[in-house]
Amino acid sequence: MEQAPRRGRIFYGWWIVAVGIIVLMFHAGVAFYAFGRFMPTLIDALGSSTAAISAAVSIYLLVMGLTGPIVGKLTDKYGPKKVIVSGAVVAAAGLMLLSLTSALWQLYVLYFVLGIGFSGAGIAPVSVTIANWFDRRRGLAMGITLAGISVGAIVMAPLANYLIEEIGWHMAYMVLGVLTAVLLIPLALLVLKKRPEDIGLLPDGARATGDEASSEQVSSSQVKETRGSIEADWSMGRAMKTLPFWLVLVTFFFAGAGVAGVLQHEVNILKDMEVSLATASFALGLTGFIGGGGKIGFGFIADKMSPKYTAIVCIALQLIGVVILMFTHTTAMVWVFVFVFGFAMGGNIAVQPLITGQFFGVRSFGAIFGWVLLGGAIGSALGPVLMGLIYDASGSYTLGLIIFIVAYAVAFAALLFARKPKLATGDSTT
């Protein structure tokens, strides 16, 4: 009997993971990590304050967050391919237009455009896809995929520095826009599939059996059997009526503020410590790259224990990292901070979709996770501006770092008190 197509010896889901890594490399590396290197240059070129320039990336993060629930719902309905391709087109256009920027308001408008574009070509549709393709190995697969964010940090921050030094910041944006279009659009069109059962496969690479093995659509009973006793599937409306839903949002709102606030000012913080821009850019890239190990490590751990408690450890380590940065006075301590904070903040984004799946299942995963991303994005948008305002007013980053330590403490407490909600029989279909 003819078996369902396996697209080669490697489970096709791992090709999905590979594309997800590349998408997230651009999603985070181009618009977020690279901005940390653009910031000092833009301050001088546009004659603006640190807070004013920081507002551009805050606009980007806020728009990306506000559109997260919409993108998640669109992904649930139309699949990741159309969403990611559309987002990549918008993001590439925004980056190319940034090469023509000559005023602060233009920077704001185009980072607004980037927020829309990289929301589509971003975490929500990629995470929905991985959640669909993997069950028992979801944590590991999610961690490996989200490590693309860290690859983007180690590649794009130094690349931005090189391009700015060699061809200027205007052309640097143009090159990044062209790369976004040339790499993301063809890969998404050629490889992405929403669910394994759509091409006769099962989650985690399990083989279809019986008559279903020769069909294009695997039966729902086989999918359910393969996925095992997975979490109850909540609807969006019912999830929003639970306290744990809002505690999760509070958790990643405050954690997001800490991550973005520290990362977006890391180059300037180190510059104030008389570290060269080249070394500071490398440190920022290395922070993100080490975060890749955190994503994979925390994802693997979450498969072995509760994603919730994995996330609690992750947030505690981020808090410790910021404390280390506060008391850093030597180059050696800079690298200690980079390792501790980088590894911990890397796990931050990896555990968000895993907690969403653990608490609320996969039925409305895209829509619910979109709201989780929104909470994190609003915090991430406020973090860099708050840090910039404090620095402009005081000439020091110390107070800002203290505020973010408190923010991490609140995130820790909120998640500690969150409990997996119980779904009454029959409610999952409501």
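Q: Hi! Where do I start: are W169 and Y173 buried or exposed?
A: Both W169 and Y173 are buried, meaning under 20% relative accessible area, with exposed being over 50% and partly exposed in between (1.4 Å probe, protein chains only). This is a predicted model, where local features need pLDDT of at least 70, side-chain atom pairs count only at pLDDT 80 or more, and totals for chains, interfaces and linings use all residues. Residues are numbered from 1 along each chain as its sequence is written, and side-chain values use heavy atoms, leaving out hydrogens and water.

Q: Which helix holds W169 and Y173?
A: Helix α7, residues 138–191, holds both W169 and Y173, four residues apart or about one turn of the helix. Helices here are DSSP runs of H or I with at least four residues, strands are E runs of at least two, and numbering goes from the N terminus.

Q: How many aromatic pairs are there in the whole structure?
A: The search finds 12. One of them joins W169 and Y173 edge-to-face, at 6.2 Å centre to centre and 85° between the planes.

Q: And why is the pair of Y391 and Y397 stacked?
A: Their ring centres are 4.3 Å apart and the planes sit at 20°, so Y391 and Y397 are stacked. Phe, Tyr and Trp rings (six-membered ring for Trp) pair with centres within 6.5 Å; under 30 degrees between planes is stacked, over 60 edge-to-face, the rest tilted.

Q: Which residues do ring pairs link into a cluster?
A: F35, F38, Y111, W169 and Y173.

Q: New topic: how many helices and strands does the protein have?
A: The protein has 15 helices and zero strands. Of its 430 residues, 59% count as buried.
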